[in-house]
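Open the model in a viewer and keep the selection tool at hand. The stops below can be taken in order.

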Amino acid sequence: MNNSLASHLCRRTFLRQGSYGIGAAALAAMLDPNQASGTEVDIEVPEWNGIYPVKKGAARIKRVIHLCMAGGPSHLETLDPKPELGKMDGKPMPKSYTEGKQIAQLQGQANNLKCLGPQHEFKRFGKSGLEISSILPEIGSIADDICVIRSMQTDQINHDPAHTLMNTGTSIPGRPSMGSWLLYGLGSECDNLPGYVVLTSVGGGQSQPIAARQWHSGFLPSRFQGVEFRSQGDPVLYVNSPKGVDLKSQREVIRAVQSLNDVGNATYQDPEIATRIAQYELAFKMQTSTPELMDLSNEPQHILDLYGTKGGDGSFASNCLLARRLTERGVRFIQLYHRGWDHHGGINGGAQTTAKFVDKGTAALVKDLKQRGMLDETLIIWGGEFGRTPMAQGSGRDHHIMGFSCWMAGGGIKPGFSWGATDELGYSAVENKVHVHDLHATMLHLFGIDHKRLTYRFQGRDFRLTDVHGNVVKEILT
Amino acid sequence: MTEQETSNANWKPIAPSALSALHETKLAVQEDHSVLASGPGHETNTYSVTVKDQTEKLTGIRIEVLPHDSLPKKGPGRAGNGNFVISEVKVHTVDAAGKRTPLKLVNAKASFEQADGNSNPYKGWKAIAAIDGDTKGATWGWAILPQAGKSNSWIAELETPLQPESPTTLVVEIDQNHTNVGHTLGCFRLSVTNGKVALDPKLELPAEIQAILAIDADQRSDEQLAKLLAHYRTISPQLADIRTKIETTQKERTTTENAHTRSTLITQTVAPREMRVLPRGNWMDMSGEIVTPNVPHFLPSIDAKEERINRLDLANWLTAKNNPLTARVFVNRLWKLFFGTGLSKVLDDIGSQGEYPSHPELLDALAQEFIDSGWNIKNMVRLIVTSQTYQQSSLPRPELADTDPFNRRLARQSRYRLDAELIRDNALAVSGLLVDEIGGRSVKPYQPAGLLRHLNFPRRTYKQDTGNEQYRRGVYTHWQRQFLHPAMKSFDAPAREECTAERPRSNTPLAALVLLNDPSYVEAARVFAEQLLSGDLKTDEARITQAIRQALSRDPNAQEIKILTSLTQQQRNHYQANPEAAKELIAVGLAPVNDSLDPIETAALLSATRAIMNMHEFITRN
């Protein structure tokens, strides 16, 4: 279906359903001194329900929480146990592994590559006995809820293009991110918050930059872009009224704007005006709902303890708690970036420190969603843009794309399960490889979307999140 | 100059009678009495220079360190950077019986001393460090970086002048014990004096100038004299003021030049790069076919003057008389600017994958006109805006709603939202704040703190502009590619990562938040209100009527006046009860507050101007 036609029809439908009536109500409220303050104007937001016709019963999940471990966490210190690599510690990396392969910063040392054994012990956790690094004991405690993929592969060896691939399915900048694709395809389920929310935190290692393109809508309309919620300053840009304007005054100004637009609409009959009225209403709702969302003071102590946060400090744990609150409010795509996994040096202590920043919050989010019955309608993805080399870079590891790990949990995902494997030194994925495109295809499949059918025409061709790739990884699905 | 030539201390280079090095290094005397080190270097070393049969009075010694072609960076040291460190200089005499008598050195000076930080006890590589008896450590001494490849000299006085009664043997030991290994001397010359112990300014002169000075004044050629004078101008105390002036002016020039952004207009590569088809885009796979520049084969072929097609050929091909495509694409985009939609709707693909034009003959006629007018854009703009089609009213015509819902047949004008930059310009223009200067650097409007915190290497800081720069047009807004100013981003300014022929026109709550709460818009509404209050208009109604005329270029209707006067009164009541809030509100922005006005009145009317500036009509091309 033609996209702009779709949005137009949507607005027209809204009009037919009686925007005049709504506008008139606003005007009446405005002109009636008895209603002049405190009365909410009843305006309906024209909903974007998405362009993708999901078949009944095909959707296993309603939303995604992407816990993005930015910087490239080492699979060898987190999710992929490699005892053989430990035996090779300090010995030359066999050339058969590395010859002709792309290397990032170790490029100049191609003839002097040495193995670096896993820096932390792995343990078996839960009934499933999944092997997870001892630096992630809390994630270990949810081992029976998660599915570890140990055969991930990507195409891009530097942070920014690798993130771009992870988010948009290509390293070429300017394409929509997966959250934007979902909003475009399915719409949002919440009426007072954006459908795609991004939260960020730092700690534990070098903070690689994160570009706004990671949550940009690319060529899709900007209404589908991710909105960053900030832990300092306005939580959303300009979500607070100007100085000297309290919420009541702001409400009155907005009501006047709505009434003026409604008067204009009587003359111009422009569907954009109805949308504008609705968006001002949503803006005002955001002005009230965002501070309420960000305020964690009404969370009970045992929940704060579960996450290990006092809340509101911009930490990863605090963001995990916010993610749960966003989930409750119907946000479609929630992305948490933790910038701190780029351990080129000192990976022993570095990975341990970063793990401490994310371990408890992550596990708490899964447990909390589970106890509220929301885990089985949510997909959680935990992982970075790539992994790290089995070869030493001093006391650290370099970027690595031939094999790395991630885990998923939630609706439709086999719990306590692992899929795929790297070779015995953890260099290349060799068994049941899962490319980033496959991850995207699987995610869309869980929403009841055929990744080949969610398209948008731009510059003369139909674009997809998975471009010309992607296979659903059926084996990890229940 | 004469003065300088004659003020020299009477230094006499001496020929060593014997040379030795503590560690294996070959030391050889040159014709000019200088000593050149060669052969194996060593981490540290001590050179001993023996001068026999010294009979004259001795008041001081001098060590000249000299450049030599055989040394790294031409020396005078043997370290890779041409440097050395003389950590200690010791002098003693030996009498016939072999008895050593040390001579104490004082007042060490050098023509140049290398700078250093706090870890160095002398805060620099000073001459005196070479006669301190190594009391502050053997590693410290005299060094000369960055003067590699140049002559310098070190001098010291004897505390008690030596008056030999019989021929005496003099030994000078030069320790080089710096911990940064290999900082030993490569070429040096020893001199002695029996008079004043002073540095010789002549020694700091370039070798070429020294050579000219060595020639008798009346024997110097014109060219030599010119060189001498040219050098003199760089050191003459009388010309110091002029030199400073020149230096300052040059600095200003550099600053001015660097203040402009430079862009490359033309580059010439010597040999074109070899380009290959990359199999499935893999740039590491060099097995693909080698290709040369060409246009896609389904398009008309391109003529080339030379064997290889260049950019001029491409430009000529694009604008050839018999190629209507370029002009068609351009006028289609121009049409979009004036009617909201192109004659063919898909701006970035006007081929068979795009949309067949609604008015193909018109598109062709405009394209032909564009070519015939010599690609004159202004001519095309005039042609379009003087047309009857352009000048129609944009009011809807109910009878067209079913037959032409998207107004493709243009039986009326279109209405569409302004682009991001113009929304800003419009608000500033209405308030009277706009500075419509053309050109210059990018400017930084108010922006929420911390917007750039996700960037790194280097971390970015954003300092908002003050004064006129704050009110310049939107096209000059600083463009942080990944983190666009929110007012630009919310109104669909592109991230500039993809070529964007057509921006989407979204309608989002984030855009509403910008117009409602961005200080730039609050400030514009305030200045607009102040302007209305400063005039002769006495009533809310009169001011609001004027405000609508100014902002929307039309008269208000009764409902609008009622809505806005009622809002103004409501807010007046509110701010009368909260006068501090009124002051806070009108203080938003850098534009000076009009103190002659009552803050409560300004705040009340500001609410009305804010409401007008948030109207859909205010950001719409009607």
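The tour goes through each chain and then the interface, and the model it uses is a predicted one.

**Stop 1: chain A as a whole**

Select chain A and colour by secondary structure. It holds 13 helices and 17 strands. Of its 478 residues, 63% count as buried. Among contacts in chain A with a separation of 6 or more, 78% are between residues 24 or more positions apart.

**Stop 2**

Select residues 387-393 of chain A, which form strand 9. How many residues of strand 9 of chain A are buried? The count is 7 of 7, and the strand is mostly covered.

To see one of the pairings, show A:Arg388 and its bridge partner in strand 10 of chain A, A:His399.

**Stop 3: A:Gln208**

Move to A:Gln208, in the loop that runs between strand 5 (196-202) and strand 6 (227-228) of chain A. Is A:Gln208 buried or exposed? A:Gln208 counts as buried because its relative accessibility is 14%, and the cut-off for buried is under 20%. Show what surrounds A:Gln208: beyond its neighbours within four places in sequence, the residues in contact with it are A:His159, A:Arg339, A:Asp342 and, from the other chain, B:Phe457.

**Stop 4: chain B as a whole**

Select chain B. Its secondary structure comes to 16 helices and 18 strands. Chain B has 622 residues, of which 43% are buried. Here, residues 24 or more positions apart account for 67% of the contacts with a separation of 6 or more.

**Stop 5: B:Asn83**

Centre on B:Asn83, which sits in the loop between strand 6 (58-65) and strand 7 (88-94) of chain B. B:Asn83 has a relative accessible area of 3%, and is therefore buried. Its side chain reaches the backbone nitrogen of B:Ile144 at 3.2 Å. Leaving out residues up to four places away in sequence, B:Asn83 touches B:Gly77, B:Arg78, B:Gln114, B:Ala143, B:Ile144, B:Leu145, B:His183 and B:Thr184.

**Stop 6: where the chains meet**

Show both chains and select the residues in contact across them: 73 from chain B and 73 from chain A. Together the chains bury about 6400 Å², with 57% of that area on carbon and sulfur atoms.

Between the two chains there is 1 salt bridge. Select B:Arg453 and A:Glu228 to find a salt bridge between their side chains, with N to O at 2.9 Å. Polar contacts across the interface come to 21 residue pairs.

Next, pick out the helices of chain B that face chain A. Helix 10 (486-489), helix 11 (509-517), helix 12 (519-534), helix 14 (558-577), helix 15 (579-586) and helix 16 (599-613) each supply at least two residues of the side of chain B that touches chain A. Which helix of chain B gives the most to that side? Helix 14 does, with 11 residues. Finally, colour the side of chain B that touches chain A by residue class: 35 of its residues are nonpolar, 20 polar and 18 charged.

Conventions:
Residues numbered from 1 in each chain as written. Chains lettered and ligands numbered in written order. Predicted model: local features only at pLDDT ≥ 70, side-chain atom pairs only at ≥ 80, totals over all residues. Heavy atoms only, no water. Buried < 20%, exposed > 50% of the residue type's maximum accessible area, 1.4 Å probe, protein only. Helix = DSSP H or I, 4+ residues; strand = E, 2+ residues; numbered from the N terminus. Pairing = 2+ DSSP bridges. Contact = heavy atoms within 4.5 Å. Buried area = accessible area lost by both parts, 1.4 Å probe. Salt bridge = Lys/Arg side-chain N within 4 Å of Asp/Glu carboxyl O. Polar contact = N/O pair within 3.5 Å; in protein donor to acceptor, adjacent residues only side chain to side chain. Nonpolar A, V, L, I, M, F, W, Y, C, P; charged D, E, K, R; others polar.
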